[in-house]
Amino acid sequence: MGESRKKEWMEKLAQFVRYGFAGGISTAVNLLLFWLLEAAGFYYIAANILSYIFAVVLNYAMNRKFVFAQGEDYIKKEETRRLAKFMFIRLLNLLADNGLFYLCVSILGMPVYFSRLGLTFAEIVVTYAAVKKMVF
C-alpha cells in the first residue's frame, strides 16, 4: 500500500471514528430526552419526534464542526445546500423510523425501549452512508 493511499485510508478511519463519537453523543441525548418525555406522559411517537429533532440539530452541528470539517474556502451558499440535504435525509429517516417504531410497538407488541434502541442502532449505519455520500 502506497504512503498516500495509507494516509487516505487513515483519514477515512479517523473520520468514521469522529462520526461514531458525534453520533454516540447525539444518540445518547436522543434516547435520554425520549425517555424523559415518555416518562413525563408524552405519547411515544410524539416523544420520539421531539427528541429526534433536538438530536438531529445537535448532530448536524457536530458533523459540520468536527466530523466533516470544512476548510477556509468554505462558501456560505454551500452550507445552506448541505443543511437542506441533511435535513431532508433526516426527515425521511424520521418518517421511516416512526412507521417502524409504530409497527414494532403498537402492532407487534414489542417493548418501547427495546424497539427504540434497536431502531436507533440500525439507523446509524444507514444515515452515516447517506450523510457521507450526499451531504458532506
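R116 lies over the face of F101, 4.8 Å from the ring centre. A charge counts as sitting over a ring if NZ of Lys or CZ of Arg is within 6 Å of the ring centre and within 35 degrees of the ring normal. Bear in mind that this is a predicted model, where local features need pLDDT of at least 70, side-chain atom pairs count only at pLDDT 80 or more, and totals for chains, interfaces and linings use all residues. Residues are numbered from 1 along each chain as its sequence is written, and side-chain values use heavy atoms, leaving out hydrogens and water.

Now for the rings. The structure holds 5 aromatic pairs (rings of Phe, Tyr and Trp, the last by its six-membered ring, with centres within 6.5 Å; planes under 30 degrees apart are stacked, over 60 edge-to-face, the rest tilted). Here are two of them:

| Pair | Centre to centre | Plane angle | Type |
|---|---|---|---|
| Y43 and Y44 | 5.0 Å | 50° | tilted |
| Y44 and F101 | 5.1 Å | 90° | edge-to-face |

Y44 sits in helix α2 (residues 44–67) and F101 in helix α3 (residues 76–107), so their pair ties together parts 57 residues apart in sequence. Helices here are DSSP runs (H or I, at least four residues), numbered from the N terminus.

Y43 is partly exposed at 48%. (Buried is under 20%, exposed over 50%, partly exposed in between, using a 1.4 Å probe and protein chains only.)

Ring pairs also link F34, Y43, Y44, F101 and Y113 into a cluster.

Technical notes: Helices (H or I, at least four residues) and strands (E, at least two) are DSSP runs, numbered from the N terminus.
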